[in-house]
Amino acid sequence: MDSLSSTDSINPPSETLAEERHGGPHKDHAVILLHGLCGSQLEMGSIPKQLKKAGCTVIPLTIENYSASLTNPRVSPNWEEWCAVVESRVARLKEEFRTVSLCGLSMGATLALAVAARSSQLLSVVLLSPVLQYDGWSVPWYQKLLTVVYDLGIRNWSYKESEPYGIKNFDMRRRVANALEKDGVAAVGAASIPARHLRAALRMISYVREALPLVRTDTLIIHSIDDETASPRNAEVILHNIGAEVRKVIWLGDCYHIITVDNEREIVTNETVMFIKRSIEIHGNEISRKYLAHSSPLKDRRQ
């Protein structure tokens, strides 16, 4: 895969962040995008644009005390409230669209799993670099002690992002570092994660690990074998424990954690779009029959 050139932009075009209803063969399908913890939709790379080209309606969701633009470091968030926001949006979308999918990156993928374990309304989920444990090669040895520090009542601190920022591509990493220094947020997420938000995320991880068998929707996992934040073991645990009949994993070999904007970003985007399209096709006839049965005014006259 070609590396980023000097003409590439960290920020996706503004059109990719808009929620628009699209026509075409997949006009009745909506995809909710979930970025990482304390991040933004910049992290999703070209996925929104390509999903729109495929005819899907894209919902770039922001969540209070989860998204960077709505984060208050003095507030102790509840991960179940994050789930409730997504679940509420899914329910509303199901009133307009036949099918809804979730696509999440990093902790956004973990959030997608939590929702999938609690909901039967989803067609598919795409998990990009999912996190069930911070066990990558760049995670400091003292990371596990941070929860102890938090539980002791020391909570006014943040976990700061550092090299390599989840990016293997050197040019992209340099630009990300500049963006974090200037704006506090970039395509890799926020420059730091407040302790309260990190603790809420760890509680969500604990729930997800136990609830994996409840995930029965079509599932695609894309993970780097060299992920510096979450080792390949995270993807393996999900693959082997979810209850989905349709499950697939794709391993990447030339990127780190933020796979949506790194060296193999085109593979990530293409595989995401193809999986969702294929899921729509596989379940299309079944969904059409249910839809017609539900909307038909005809009565059963055998009585």
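In the predicted model, Trp79, Glu80, Trp82, Cys83, Val86 and Glu87 of helix α2 are in contact with Leu111, Ala114, Val115 and Arg118 of helix α3, contact meaning heavy atoms within 4.5 Å. These residues comprise seven nonpolar, no polar and three charged; Ala, Val, Leu, Ile, Met, Phe, Trp, Tyr, Cys and Pro count as nonpolar, Asp, Glu, Lys and Arg as charged, and the others, Gly among them, as polar. The axes of α2 (residues 79-94) and α3 (residues 107-118) come within 10 Å and cross at roughly 70 degrees, which makes α2 roughly perpendicular to α3. Axes are lines fitted to C-alpha atoms, for helices over the stretch in contact, with angles from 0 to 180 degrees between N-to-C directions; angles under 35 degrees count as roughly parallel, over 145 as roughly antiparallel, 65 to 115 as roughly perpendicular and the rest as oblique.

Residues are numbered from 1 along each chain as its sequence is written. The model is predicted, so that local features need pLDDT of at least 70 and side-chain atom pairs count only at pLDDT 80 or more, while totals for chains, interfaces and linings use all residues; side-chain values use heavy atoms, leaving out hydrogens and water.

The protein has eight helices and 10 strands, taken as DSSP runs (helices H or I, at least four residues; strands E, at least two) and numbered from the N terminus. Of its 303 residues, 53% count as buried (buried, under 20% relative accessible area; exposed, over 50%; partly exposed, in between; 1.4 Å probe, protein chains only).

Three aromatic pairs were counted, the criterion being rings of Phe, Tyr and Trp (its six-membered ring) with centres within 6.5 Å; planes under 30 degrees apart count as stacked, over 60 as edge-to-face and the rest as tilted. One of them joins tyrosine 66 and tryptophan 82, whose ring centres are 5.0 Å apart with planes at 65 degrees, so the pair is edge-to-face. Tyrosine 66 lies in the loop between β2 (57-60) and α2, and tryptophan 82 in helix α2, so the pair ties together parts 16 residues apart in sequence. Both residues are buried. The rings of tryptophan 137 and tyrosine 256 are also edge-to-face, with centres 5.4 Å apart and planes at 75 degrees. This pair links the loop between β4 (124-128) and α4 (145-151) to the loop between β10 (247-252) and α8 (265-295), 119 residues apart.

Glutamate 264 lies in the loop between β10 and α8 and is buried, with a relative accessible area of 10%.
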